[in-house]
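Here's a protein model to look at together. Let's ask how its labels get decided.

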Amino acid sequence: MEEVEEVAVRGESLIRALEEWAPPALAVERDPIGLQVGDPGAEVTGVLVTLDVTEEVVDEALRLGANWIVSHHALIYRPLHHLRGDRPAGRLAAKLLKNGINVYVAHTNLDTAAGGVNDVLAEKLGLENAEVLAPHFRERLKKIVVFVPEDHHMNVLNAMCEAGAGWIGNYSHCTFNSRGTGTFLPREGTNPYIGQQGKLEQVEEVRLETIVPESAQARVVQAMLEAHPYEEVAYDIYPLDLPGRSFGLGRIGRLPEKTRLKDLAERVKQAYGIPALRLVGDPDRPVSTVAVLGGSGGRYARTALERGADVFITGDIDYHTALDALAAGLALIDPGHHVERLVLERVCQILREKWAPPGMKVVPTNVHRDPFQFL
């Protein structure tokens with residue numbers, strides 16, 4: 001029996017899968033994201049997903065045989081003036097390079113992405129009709145038109161829509177289709193699906209047109225070309241002067257039913273798996289509209305208030321932000337920065353479903369913990 005040669009999985013494909021879900025364009029300005037250590041052409045032997053890159057996480061990757069780390073927080077966040085082996089940053093960088101471990105960072109693009117950090121935090125609390133709290137990016141839309149022979153019409157339509165075309169709000173497979181006659185004359189060297197060389201052909205075709213977000217354009221075109229029977233596919237792409245989907249930090253939604261602030265705080269502790277939190281506001285106050293933003297979101301307290309939130313859940317709240325919120329009537333819940341770890345399993349799930357070949361290890365870290373302890 002002839003052996004089948006295994007094809008190495010390269011880092012480019014891992015990065016492509018991550019960026020299809022959380023495109024770099026969704027990151028806030030000057031956020032240090034992307035490949036920070038390593039070679040995109042390096043083979044992937046396993047993936048470890050973490051909130052932060054520490055020596056303990058690197059040791060875990062080595063034990064697991066994973067040579068790629070996907071981190072939410074940047075390894076290199078502030079400018080480095082030196083890499084010294086007697087300092088933590090230099091020692092960590094040397095360990096990564098020595099052992100051939102690559103580090104890819106998805107930060108505010110992962111906060112912003114649909115299904116990313118903030119959606120996970122909102123889902124854990126059961127928020128209904130959650131919307132973006134602080135939009136900072138609106139995706140551009142395109143219209144794609146392709147001409148398809150009638151017998152392949154639905155195959156091409158479904159392939160394009162499954163690849164991301166045809167969404168308007170919560171409606172999928174939104175297209176317009178009109179029938180007409182296409183003509184072509186196959187020249188020497190062609191291999192036509194219909195007709196023969198040197199003879200003008202007339203074919204009943206469908207003009208299929210649909211909308212596509214810019215981030216999905218390449219994927220949709222590829223799916224269209226693979227499903228289309230013609231050797232040369234006739235299609236057009238037009239830019240649209242229409243607002244696309246809005247993306248941004250945080251989410252705001254409503255609880256299934258009104259509850260007391262202190263009961264919501266207990267729900268947050270249970271949902272986020274934390275032993276303690278900080279609370280600003282009357283514990284017996286009834287609340288129903290909740291804003292949540294993973295990480296350090298104190299600067300968005302005013303946004304939450306203006307959007308009608310009764311309570312804002314975010315980490316690293318400072319004294320003056322708390323004092324101002326109290327005066328303005330906005331309750332605050334600070335569960336800490338580390339609750340962003342709840343997205344790690346989601347990242348693993350996306351990679352397993354959309355990218356990982358059979359047998360590829362894609363796991364969340366088990367060693368990194370919140371640096372704060374409660375006594």
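Below is a run of questions and answers about the words used for this model.

Q: What should I know before we start?
A: This is a predicted model, where local features need pLDDT of at least 70, side-chain atom pairs count only at pLDDT 80 or more, and totals for chains, interfaces and linings use all residues. Residues are numbered from 1 along each chain as its sequence is written, and side-chain values use heavy atoms, with hydrogens and water left out.

Q: How many helices and strands does the protein have?
A: The protein has eleven helices and 15 strands. Both kinds are DSSP runs numbered from the N terminus: helices are H or I with at least four residues, strands are E with at least two.

Q: Why is Leu83 called exposed?
A: Exposed means over 50% relative accessible area, buried means under 20%, and partly exposed is in between (1.4 Å probe, protein chains only). Leu83 has 56%, so it counts as exposed. You'll find Leu83 in the loop between β3 (68–71) and α3 (88–98). Over the whole protein, 46% of the 375 residues count as buried.

Q: What makes strand β13 mostly covered?
A: Strand β13 covers residues 311–315, and five of its five residues are buried. Val311, Ile313 and Gly315 are buried on one side, and Phe312 and Thr314 are buried on the other.

Q: How do you know that β12 and β13 pair?
A: Two strands pair if DSSP finds at least two bridges between them. Strand β12 (residues 286–296) and β13 have five bridges, in the parallel sense. In this pairing, Val290 stands opposite Val311 in β13.

Q: What about strand β14 and β13: how many bridges join them?
A: Three bridges join β13 to β14 (residues 331–334), and these strands run parallel. Against the cut-off of at least two, they pair as well. Here Phe312 stands opposite Leu332 in β14.

Q: Which β-α-β units involve β13, and what makes a crossover right-handed?
A: One unit is β12, helix α9 (residues 301–306) and β13; another is β13, helix α10 (residues 319–328) and β14. A crossover is right-handed if, with the strands pointing away from the viewer, the path from the first strand over the helix to the second runs clockwise. The unit with α9 is right-handed, and so is the unit with α10.

Q: Are Arg140 and Glu214 exposed or partly exposed?
A: Arg140 has 56% relative accessible area, so it is exposed. Glu214 has 31%, so it counts as partly exposed.

Q: What makes Glu209 buried, and which residue is its salt-bridge partner?
A: Glu209 has a relative accessible area of 14%, so it is buried. Its partner is Arg207, with the closest N and O atoms 2.9 Å apart. Arg207 is at 28%, so it is partly exposed.

Q: How many salt bridges are there in the whole structure?
A: A search finds 19. Among them is the one between Glu345 and Arg352, at 2.8 Å from N to O.

Note on methods: A salt bridge is a side-chain nitrogen of Lys or Arg within 4 Å of a carboxyl oxygen of Asp or Glu.
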